Amino acid sequence: MLWTEKYAPKRLSELVGQDAAVQTMRKWVESWKKGKPSKKSLLLYGPPGTGKTAATRALANETGWQLIEMNASDKRTMSALRKIIGEASKTGTLLEGVQGKKLLVLDEADNIHGRADHGGYQALKEIIGTTTNPVILIANDRYSIPAEIQAQCELVNFRRLRPDQIVKHLEHIAKNEKIKVDRKALEIIARRSDGDMRSAIEDFQTHALVFPRLTAEQVLLFKREREKNVFDLLRGILFASSADVARSVLWSVDIAPDEAMAWIVENVPKAIRDPKALAAVYNTLSRADIFYRRANERQIYRLWSYMSDLMSAGVAVKKGSEVKAAKFEPPSYLKRYYQTAKTRRMLNSVARKIAMACHTSTHRVKQDMIPLLPILIQNKKLLENLTANLELSEEEINFLSSLR
Ligand SMILES: Nc1ncnc2c1ncn2[C@@H]1O[C@H](COP(=O)(O)OP(=O)(O)OP(=O)(O)O)[C@@H](O)[C@H]1O
Ligand SMILES: [Mg+2]
């Protein structure tokens, strides 16, 4: 389950860092309940992933109003809205049926259908003018909405979240999911998200999927691209509905071709069920690889496009119909590199501590003592002594225990 959904606020009070917005929304609801709406409509505006859609859902949840979500860019939306509003205005006044109200939410109001000839906004203006149901417009950019419409709305500004607010929320999720994670790792994720809570949560879940114990280093190692990440790439190619889609997914991800290739090669067998299809996919990938070598060896870089098409569109075409959702993993060479890097680091730090205590060189320790450690530490008492006297960290103790 996606954590963005699992941890979406159920009530307005659970919304992080949008106090002013929440206050305005609450007041507006009260005014509707009294039958005297301050304005018929709210305009929620602000950057992506800051809680606009989530807030409207929480509000519907709290009030019991029936939520009707529509996208303004859809050409059917305006006529659907008119119909709802027409019917409602026939049946009652503003106050009547406060409980049974419909909350009409119009997302992407800055991208309304019929924008070019202003027909869309003309219709919207009339709708807000006549509605007996509460209406919420959502947009990223307030100024792309005509001033006349803005004047009909109570303006509600959603702000980018501060890194510390994001970290706190991620910590809450980590606790709930029983995930061990360094605060540093969360701080890096928060900083990268640029105030976008959605991308921070997605980023965190992606990392946690790969590393059950998340450290800052791992987060740094797998830096996420702002636009799309490598998991989107894999999902995009493996579940692509057409060759074109797969191709465009690859282009939208900022990743080196050989790296993308490694991720794809690693993960196709996890998702593709039909062995024949899998064989065909590997065949395609091997051809992609040939083009890649040729491109580099002979410096004919237009061959890269063949490679790209083969590993995206080519895979999408050959994958067959039995593709299952899989837990994607980084290429094993990357994991091996990381694991050995960590072993080396641990080895060095333990050896240094022993060397200090024994007044000898780390080189000697590694050569003469470390090989004996797995045997020695089977003695519990000795392991305890070692831990205490050398002031070993938890990580170092774990490392020693793993030597068993
Ligand atoms: N302020 C917040 N507090 C708690 N969770 C949040 C907040 N903002 C976003 N989220 C999380 O991110 C998810 C996506 O947020 P939401 O859909 O509300 O963003 P949005 O502002 O509507 O973005 P967009 O402009 O892209 O539509 C939510 O389901 C929730 O899990
Ligand atoms: Mg939204």
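Is D194 buried, exposed or partly exposed? Select D194 to start: its relative accessible area is 41%, so D194 is partly exposed (buried means under 20% relative accessible area, exposed over 50%, partly exposed in between, with a 1.4 Å probe and protein chains only). You'll find D194 in the loop between α8 (183–192) and α9 (197–210). Helices here are DSSP runs of H or I with at least four residues, strands are E runs of at least two, and both are numbered from the N terminus.

Before going on, some ground rules. This is a predicted model, where local features need pLDDT of at least 70, side-chain atom pairs count only at pLDDT 80 or more, and totals for chains, interfaces and linings use all residues. Residues are numbered from 1 along each chain as its sequence is written, chains are lettered from A and ligands numbered from 1 in the order in which they are written, and side-chain values use heavy atoms, with hydrogens and water left out.

**Stop 1**

Most residues other than glycine have a negative phi. Now jump to E108, which also isn't a glycine and has a positive phi of about 55°. E108 sits in the loop between strand β3 (102–107) and helix α5 (119–130). With a relative accessible area of 31%, E108 is partly exposed.

**Stop 2: zoom out to the domains**

Colour the chain by domain: domain 1 covers 3–157, domain 2 163–221, domain 3 230–318 and domain 4 332–403. These bounds come from an automatic or database domain assignment. Draw a line between the C-alpha centres of domain 1 and domain 4 and you span 61 Å.

For a residue-level version, select T340 and I84. They are 256 residues apart along the chain, and their C-alpha atoms are separated by 63 Å. T340 belongs to helix α16 (residues 332–358) and, at 38% relative accessibility, is partly exposed.

**Stop 3: α2 against α3**

Two packed helices are described by the angle between their axes and the distance between the axes. Show helix α2 (residues 19–33) together with α3: their axes come within 12 Å and cross at roughly 40°. The axes are lines fitted to C-alpha atoms, for helices over the stretch in contact, and angles run from 0 to 180 degrees between N-to-C directions. That makes α2 and α3 oblique to each other (under 35 degrees counts as roughly parallel, over 145 as roughly antiparallel, 65 to 115 as roughly perpendicular and the rest as oblique).

Which residues of α2 and α3 meet? Show M25, R26, V29 and K33 on the α2 side, and A55, T56, L59, E62 and T63 on the α3 side. By class, that contact has four nonpolar, two polar and three charged residues. Contact means heavy atoms within 4.5 Å. Ala, Val, Leu, Ile, Met, Phe, Trp, Tyr, Cys and Pro count as nonpolar, Asp, Glu, Lys and Arg as charged, and the others, Gly among them, as polar.

While you're here, pick S31 in α2. S31 is buried at 11% relative accessibility and, not counting residues up to four places away in sequence, touches K36, P37 and S38.

Then pick A58 in α3 (residues 52–63). A58 is buried, with a relative accessible area of 0%. Leaving aside neighbours within four places in sequence, A58 contacts P9, K10, R11 and L12.

**Stop 4: H169**

Next, select H169 in helix α7 (residues 163–177). At 13% relative accessibility, H169 counts as buried. Setting aside neighbours within four places in sequence, its contacts are Y7, V16, M197 and I201.

**Stop 5**

Show α11 (residues 230–238) and α12 (residues 243–252), whose axes are 8 Å apart at an angle of about 170°. α11 and α12 are therefore roughly antiparallel to each other. D232, L233, G236 and I237 of α11 make the contact with A246, V249 and L250 of α12.

Finish with α13 (residues 257–271) and α15 (residues 303–318), packed at about 25° with axes 11 Å apart. This pair is roughly parallel, and its crossing is left-handed. Nine nonpolar, no polar and one charged residues make up the contact of α13 with α15.

How values were computed:
Left-handed = near helix turned anticlockwise from the far one by under 90°.
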